[in-house]
Amino acid sequence: MGDIIINAKKLTKTYIRGTEKINAVDNIDFTVRQGDFTAVMGPSGSGKTTLLDTLGCLDTITSGQLTVSGTDVSQMSENRLVRVRRENFGFIFQQFLLVPSLTVLENIALPLYFLGRSADNRLTGEMLEKVGLTGRKNHLPRELSGGECQRAAIARALITSPKVLFADEPTGNLDTQKSQEMFSMFDRLNKQDGLTILVATHNPELGRQAKNIINIRDGRIIEN
Amino acid sequence: MKILKIAYRNLMHKPVRSILTIGGVSMAVAVVVCLIGFDAGYRQSLKQDIDKMGYQLLVTAKGCPYEAATMMLQGGGGLRYMPQEIYKKIITDPRVDVVTPQLVHSIFDPNDSEGRGSVTLFMGVDDSFRKLKPWVQFKNGGWFSSSDANEVIMGYEVAELEQRVAGDKIFITGVDKVFTVAGVFERTGTQDDGLTFMPLQTAQKIFSLENKLTGIGIKLKHIETITAFEEDLYNEPSIQVISMAQVKGTILNLVSSVRVMTTAIAAIAVFIAVIGVINTILMAVFERTKEIGVMKALGATKYQIFKIIWTETTIICLGGAVGGAILAFLCSSLVGFFLKTILPYSPSGNIVIISTLSLAATGAAVLIVGSIVGIYPAYKAASIRPIEAIRQGD
C-alpha cells in the first residue's frame, strides 16, 4: 500500500439553498494513497463532483478534517489552498477548459508560469508526445477536436508532476471510442508512471477499469 | 511565457472590441494633446504675430479697444481715423526709436471672386515701415520709387492669389486708377501677407483721407520707458494707446471661452474613454470567469490573476496613448483649421503645436489613469473563487 496523500475524516460540505440545507458530501471518511486509481461513481447529483472539489482543495469544507501530504488544510484560506493545489494536484474537467487565446503548447506550459518556473521545452515536448499532440502544439483550442482538447488538458494537468490527478467526468463530452482511449491513457499513466488518479464518472463500463470503485449516493459512500 | 504575452493574447482573442477600446482612448488622448497644443500654439503664434509687427505700442483713434486690437491684427474695415498731427507730435519725442504711420482702407469689389465679391485691404505706409520690419524681404521688385507714386507692394498671399509680379499693372476698383506693382514681399507668416501696401501719401490722396491715419506703430529706444510714455499719451483726448502686452491679454481673454469649451469636450472624451476601458475589461473578466477559475485551479494566485488583468488594462491604455499621439500629429492641422473657424480671432500660422512634452505628459497621465482604473476589474478577477467560476453555467 502506498503512502497516504489525502486523508478525509467525517468530511462534510453543506450548501444552503434558501432555507434548505443540502449535504452534498455527508460525513465521508476517505483515503487516497500513492498509486491509487479510483473511480467515484454515482448518478447525477449524488455528490461526486463536490467530493472531488473538496478533496482537491478547490472548495472549502463545512466540517470534518482534511489533510494533504500530512498537512491539515481544513481551515486554510483560498490563498494557502492555491499553494496546496499547485504543489500536489492536477485537474481535468468535462469541458476541457483550455485557455482559448493560448496555443496548445502555451496552455500546457501555463501551470509552470504560475509556479514561477520558465517554460521547459524538454518537459513540454515530453508531455506533448505523451498525449500525442506534438504535431498540434501551435494550434489554438478551437482548432482541435474534443479528444485532442482533453488530451491537451491532461498534459496541462501533468506538467507540474502532481501527486494526484483529479478528473471530473473527463469523458462527458467525448464519444465512446475517445472515452475508452482516455481511460486507457489513465490506466497507462497509473501503471507505468505510478500516477494517482481520482476520476468521477457515471459510466459503469469505464469505471470498472479503475483499480478501486466507490459508489456515492446523497453525499455518502454506499460501497467501496 | 511572460505575463505580457498572456495579457496580449487575451486582448487579441477579441480583437475588434480591444481595437475599438484602444481607438476610444486614442481619440481622448488626441483631443487632450491637441487642446494642450492649441493652448501653446495659440500663444506662440500670437506672440510671433505681435513680435513681427515690430512695434511695442499702437496708437489708434478713440474707440473700442477690442475692435482696435483685432483691427490692428486683421486690418479690418469700419475704421476710425485720427489726425496726422498726432504722428508729428510723437515723432519728436526723444524716447521713440521708430514711429510708423498707417492708413488702412478696404475696398469691396462686387465683381470679384466669380461675382461673389471680395474685399481688398490697402495699407498706406512710409519708409519707416522698412526700418520697423527690416526682416521683410522682397520676393521680386523693390520699394516704392517715391513717396507719392501710384505703386503698390503686394503681400505674398495677395500676389499668389492674383498671380502678380513686379512690373504688372493693376486696376483698383472704386478709385478707378491703374497702379504698378513695385514689388512683392516674401512670406512673413503675418497678416502683412494678405495686405496690399501703397505709399501713405498716395493712400491718403486716392481714398480722400488727407492728413488722416488709422494707426501709429511705435518702437521705443528703451522698453523700460513704456509705462511713462503710455501715460503721457493718455492725455491726448482723441487717441488711445494699446500696448502689445495688452493686445495679447485681450485676445487671450477672447479665446478663453473657447478654451473652456474645448477643455469640457476633452474632459468628456477622457471620461467616456475611461468608462470604455473599465467596461471592456470588466466584460472580458465576466466572459472569462471560467477561464480565470481554471487558472486558479492550476495554481494561479490572486496576485498573478490581478497582474494579468491589470496588464491588459495597461496595454489598452498604452496602445491608446501611442495611437492618440499619432492621431494628434496627423490631425493637428485639421483641428487648427476647425478652431480658426470658431475663434473670434486667430493669429496666422499653426495654432495647434504638438510638443514632445505635451505628448509625454498626456501619455504618462493616460498610463496613470489606466493603472488606477485597471485596479477594479483586476481586483474583481482576482477575487473570483475557482470552484464557483468553474461550475458557472453547469
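Author: Across the interface of chain A and chain B, three salt bridges are found, a salt bridge being a side-chain nitrogen of Lys or Arg within 4 Å of a carboxyl oxygen of Asp or Glu. The model is a predicted one, in which local features need pLDDT of at least 70 and side-chain atom pairs count only at pLDDT 80 or more, whereas totals for chains, interfaces and linings use all residues. Residues are numbered from 1 along each chain as its sequence is written, chains are lettered from A and ligands numbered from 1 in the order in which they are written, and side-chain values use heavy atoms, with hydrogens and water left out.

One of the salt bridges joins A:Glu106 to B:Lys5, with the closest N and O atoms 3.1 Å apart. On the side of chain A that touches chain B, α1 (48-55), α2 (78-88) and α3 (104-114) of chain A each supply at least two residues. The largest share of that side, six residues, comes from α3(A). Helices (H or I, at least four residues) and strands (E, at least two) are DSSP runs numbered from the N terminus. By residue type, the side of chain A that touches chain B divides into 14 nonpolar, six polar and nine charged residues. Here Ala, Val, Leu, Ile, Met, Phe, Trp, Tyr, Cys and Pro count as nonpolar, Asp, Glu, Lys and Arg as charged, and the others, Gly among them, as polar.

The contact takes 29 residues from chain A and 26 residues from chain B, where contact means heavy atoms within 4.5 Å. Between them the two chains bury about 2,600 Å², 61% of it on carbon and sulfur atoms. A:Ser101, A:Tyr113 and A:Phe114 supply 25% of the area that chain A buries against chain B, more than any other three residues. Buried area is the accessible area (1.4 Å probe) that two parts lose on being put together, summed over both.

Side chains of opposite charge can pair when their charged atoms come close. A:Lys13, A:Asp59, B:Arg385 and B:Glu388 are linked in a network of salt bridges. Within chain A, the side chains of A:Asp59 and A:Lys13 meet at 3.5 Å, N to O. A:Asp59 lies in the loop between α1 and β4 (63-68) of chain A and A:Lys13 in strand β1 of chain A, so the pair ties together parts that are 46 residues apart in sequence. Strand β1 covers residues 4-17 of chain A.

A:Asp59 also forms a salt bridge with B:Arg385, the closest N and O atoms being 3.1 Å apart. This pair crosses between chains, and B:Arg385 lies in the loop between α13 (375-382) and α14 (386-390) of chain B. Which of these residues are buried? Both A:Asp59 and A:Lys13 are: the relative accessible area is 4% for A:Asp59, and the relative accessibility is 9% for A:Lys13. B:Arg385, at 34%, is partly exposed. Buried means under 20% relative accessible area, exposed over 50%, and partly exposed in between (1.4 Å probe, protein chains only).

Leaving aside neighbours within four places in sequence, A:Lys13 is in contact with residues including A:Ile22, A:Asn23, A:Thr50, A:Thr54 and A:Thr62.

Over all chains the count comes to 23 salt bridges. One of them pairs B:Asp39 with B:Arg43 (4.0 Å, N to O). Both residues lie in helix α2 of chain B, four residues apart, about one turn of the helix. B:Asp39, at 26% relative accessibility, counts as partly exposed, and B:Arg43, at 38%, likewise counts as partly exposed.
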